[in-house]
Amino acid sequence: MMAAAADGLGSIAIDATQLNMSVTDPTAWATAMNNLGMVPVGLPGQQLVSDSICVPGFDPGLNMMTGITPINPMIPGLGLVPPPPPTEVAVVKEIIHCKSCTLFPQNPNLPPPSTRERPPGCKTVFVGGLPENATEEIIQEVFEQCGDITAIRKSKKNFCHIRFAEEFMVDKAIYLSGYRMRLGSSTDKKDSGRLHVDFAQARDDFYEWECKQRMRAREERHRRKLEEDRLRPPSPPPIMHYSEHEAALLAEKLKDDSKFSEAITVLLSWIERGEVNRRSANHFYSMVQSANSHVRRLMNEKATHEQEMEEAKENFKNALTGILTQFEQIVAVFNASTRQKAWDHFSKAQRKNIDIWRKHSEELRNAQSEQLMGIRREEEMEMSDDENCDSPTKKMRVDESALAAQAYALKEENDSLRWQLDAYRNEVELLKQEKEQLFRTEENLTKDQQVQFLQQTMQGMQQQLLTIQEELNNKKSELEQAKEEQSHTQALLKVLQEQLKGTKELVETNGHSHEDTNEINVLTVALVNQDRENNTEKRSQGLKSEKEALLIGIISTFLHVHPFGANIEYLWSYMQQLDSKISANEIEMLLMRLPRMFKQEFTGVGATLEKRWKLCAFEGIKTT
């Protein structure tokens, strides 16, 4: 009866009389273990094989109603060995039936069999614990369910090496580790053994793995090269060789604004190659001339862009001013809401919200005003930088346009300060009216402090306005003096020219000697020097402040240790270390006001001509 059952299990045909032992029956499990000579460890009534390993959703009582025998999915007729279950679920193995042997799983309460570290590209497994009577055909029958086998190397001892076609098949073979293999239905020890399946290290597997890695590395390098070639910028077009025909075409391209950048590179390469010679010099000169014609266009483009930038700045400034005025109106609304007439009608929560909103709006208003004042300060600094960039080595003469621009700027500042002063006055008047209407409370005290602060700022603005007015008056007086001196010198030059013409005519008619002409020249030079001294006496007035006296002392000491004199730039750089706000024009005006202490001389020849100031105070003492 048992032999017939064993033969029936080896076949593919399924019959109700072929399986007389239920997999989930504990008594049947104990009987099978006793036949193998092993002591059963499982508890009575405990299910040792999980239903999840069998057909999913299969009802064990179905065979009782329909007469269908339960189907085991691990038999050869139903496919490969299933992959190992997830690590979160307890691994429960089942009995596997083959034609020549039967595989019994180990006790699920025992720890799983250990394995070594998996070598790279492993396709070979080591199988130990084989029965002594196991043949190569039986081994292939068991393990070919895991996948295609390429080679089996069986040893005389109870182990072998099996090489599969793919790497994933090794994982299926490792699943069989720990099974007890029994050949047929024999109970002999030579016909049974416990399988130990582990990873094996084979040279062929490692060589194939290295070949795959090298192939992947080549594919990666090729992919990177293609990516670099795709992202690399295109190389510049080749530059043609010089010829008269190409030069004529290039000259036409240079005249075109759209092709100018391409043509100028070709012209530059030709010149660097040395294509310019006597024969082609005229062609190159015409091309260079047409390249120079684009300078004016570029400057015009730059000017238009600068104008657009200035317009954008002005628009931003106007928008910021409008935002600031709206902030002022919002703050005025909050201030009006905090007055007693409206404040008493609000609830406590509403008052708190209004106070928070008012503070937030004041902070934003102050930030916007600071930004606007910063923009104005930057504009003033740019104007002052433009004024300081004027070259001090030019001839000293009063520039009426510069003075007029300064006077206009001072007038604008004066107007802006007046407007600010009017605004502050209006605010002070409003605060005074509120002060008369409100009682002496904490809010009144804070408003009194604001009034005092505004009064102090108003006084400071008034003082600043007075100083600016004094500076404006000084500039106007200097401008009038310069105009008078200029007109006086022009009239004197006309008189001298008429005198010289008259003397020349007298010499020609009367035939005076050379001594008479020299006396006339001496008289004219004396008159000119006397006029210059009168002008310098008019110009040299008393010192206006203690600061000017201090500057004269420092300049005199500096020029005393420089007997050959110093130019105004050298002197200004030295004075700027002591006072960073002083300018070269102020120093030069101060030196010109004192001609008896400082004199101006020209040194050098031609392009090296330089104007220097020297200290001549001691020369005047020696002559006296």
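Which side chains meet E610 or R612 in a salt bridge? The side chains of E610 and R612 meet each other, at 3.5 Å from N to O. This is a predicted model.

## Salt bridges

E610 is partly exposed, with 25% relative accessibility. R612 is also partly exposed, at 25%. Salt bridges that share partners join K123, R163, D205 and E208 into one network.

In total, the structure holds 23 salt bridges. One of them pairs R163 with E208, at 3.0 Å from N to O. R163 lies in strand β5 and E208 in helix α6 (residues 203–231), so this pair ties together parts 45 residues apart in sequence. R163 is buried, with a relative accessible area of 12%. E208 is partly exposed, at 30%.

## R297 and its two partners

R297 forms a salt bridge with D257, and their closest N and O atoms are 3.4 Å apart. The pair links distant parts of the chain. D257 sits in the loop between α7 (244–255) and α8 (260–273), while R297 belongs to helix α10 (residues 294–337). They are 40 residues apart. D257 is partly exposed at 46% relative accessibility. R297 is partly exposed at 21%.

R297 also lies over the face of F260, 5.9 Å from the ring centre. Elsewhere, the charged end of K93 sits over the ring of Y175, 5.0 Å from its centre.

## Aromatic pairs

A search of the whole structure finds 6 aromatic pairs. The rings of F126 and F159 have centres 5.6 Å apart and planes at 40 degrees, so this pair is tilted. F126 lies in strand β3 (residues 124–128) and F159 in strand β5 (residues 159–164), so the pair ties together parts 33 residues apart in sequence. F126 is partly exposed, with a relative accessible area of 26%. F159 is partly exposed at 26%.

F558 and Y574 form a stacked pair, 4.7 Å centre to centre with 20 degrees between the planes. F558 is in helix α16 (residues 546–560) and Y574 in helix α17 (residues 568–578), 16 residues apart. F558 is buried, at 7% relative accessibility. Y574 is partly exposed, at 33%. Ring pairs also link Y242, W270 and F284 into a cluster.

## The buried face of α18

Helix α18 spans residues 584–592. Its residues A584, I587, E588, L590 and L591 are buried. Seen down the helix axis, the buried residues fall within an arc of 160 degrees, so they line one face of α18.

What covers these buried residues? The cover includes α16, α17, β9 (598–603) and β10 (610–615).

Definitions and conventions
Residues are numbered from 1 along each chain as its sequence is written. This is a predicted model: local features need pLDDT of at least 70, side-chain atom pairs count only at pLDDT 80 or more; totals for chains, interfaces and linings use all residues. Side-chain values use heavy atoms; hydrogens and water are left out. Rings of Phe, Tyr and Trp (its six-membered ring) pair if their centres lie within 6.5 Å; planes under 30 degrees apart count as stacked, over 60 as edge-to-face and the rest as tilted. Helices (H or I, at least four residues) and strands (E, at least two) are DSSP runs, numbered from the N terminus. Buried means under 20% relative accessible area, exposed over 50%, partly exposed in between (1.4 Å probe, protein chains only). A charge sits over a ring if NZ of Lys or CZ of Arg is within 6 Å of the ring centre and within 35 degrees of the ring normal. The arc is that of the directions from the helix axis to the C-beta atoms. Contact means heavy atoms within 4.5 Å. A salt bridge is a side-chain nitrogen of Lys or Arg within 4 Å of a carboxyl oxygen of Asp or Glu.
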